Amino acid sequence: MKKEIHPEYHEITVAMTDGTTFTTRSTWGAEGDTMKLDIDPKSHPAWTGEHRLVDSGGQVAKFNKRFQGIGLKN
């Protein structure tokens, strides 16, 4: 392997949506950082069967505002 071209591989803590945590190794962040998940297998509709709209950064609101006048009119 070539030296100094690979990212640092270290331990981080992952916080699930229900508050549980686990430690894993990753190239994300720095040693000891905590990654907080917005969606995980305990909250994702594919595994829970519950349909929920996740609006990340107001994207759905922005879309609705942009295209509010388009549609079928009775």
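Which residue forms a salt bridge with Asp-18, and how far apart are the closest N and O atoms? I will come to that pair in a moment, after a word on what we are looking at.

This is a predicted model, in which local features need pLDDT of at least 70 and side-chain atom pairs count only at pLDDT 80 or more, while totals for chains, interfaces and linings use all residues. Residues are numbered from 1 along each chain as its sequence is written, and side-chain values use heavy atoms, with hydrogens and water left out.

Let me begin with the overall layout. The chain holds two helices and three strands, and from the N terminus on the elements run β-β-β-α-α; helices (H or I, at least four residues) and strands (E, at least two) are DSSP runs, numbered from the N terminus. Of the 74 residues, 11% count as buried, where buried means under 20% relative accessible area, exposed means over 50%, and partly exposed is what lies in between, with a 1.4 Å probe and protein chains only.

Now to the opening question. It is Lys-42 that forms the salt bridge with Asp-18, and their closest N and O atoms are 3.1 Å apart; the term stands for a side-chain nitrogen of Lys or Arg within 4 Å of a carboxyl oxygen of Asp or Glu. The pair links distant parts of the chain, since Lys-42 sits in the loop between strand E3 (34-36) and helix H1 (45-48), whereas Asp-18 sits in the loop between E1 and strand E2 (21-26), 24 residues apart. By this rule the count comes to one salt bridge. Lys-42 is partly exposed, with a relative accessible area of 48%, and Asp-18 is partly exposed as well, at 45%.

The loop between E3 and H1 also holds Asp-40, which counts as buried because its relative accessibility is 3%. Asp-40 and Met-16 are 24 residues apart in sequence, yet 6.6 Å apart in space, C-alpha to C-alpha.

Turning to the aromatic side chains, a search of the whole structure finds one aromatic pair. The rings of Phe-63 and Phe-67 have their centres 4.9 Å apart and their planes at 50°, so the pair is tilted; rings of Phe, Tyr and Trp (its six-membered ring) pair if their centres lie within 6.5 Å, and planes under 30 degrees apart count as stacked, over 60 as edge-to-face and the rest as tilted.

Phe-63 and Phe-67, together with Ile-70, also make a nonpolar surface patch of about 320 Å². Patches are made of residues with over 30% relative accessible area and no salt bridge, with like charges joined within 9 Å and nonpolar side chains (Val, Leu, Ile, Met, Phe, Trp, Tyr) within 5 Å.

A negative surface patch is formed by Glu-8, Glu-11, Glu-31 and Asp-33. Of these, Glu-11 lies in strand E1 (residues 10-15) and is partly exposed, at 39% relative accessibility.

Finally, a backbone detail: most residues other than glycine have a negative phi. Glu-4, although not a glycine, has a positive phi of about 65°; Glu-4 is found in the segment before E1 and counts as exposed, at 84% relative accessibility.

Technical notes: Areas by Shrake-Rupley, 256 points an atom, 1.4 Å probe, with all protein chains shown as cover. Lys, Arg positive; Asp, Glu negative; His and termini not counted. Charge placed at Lys NZ, Arg CZ, Asp CG, Glu CD.
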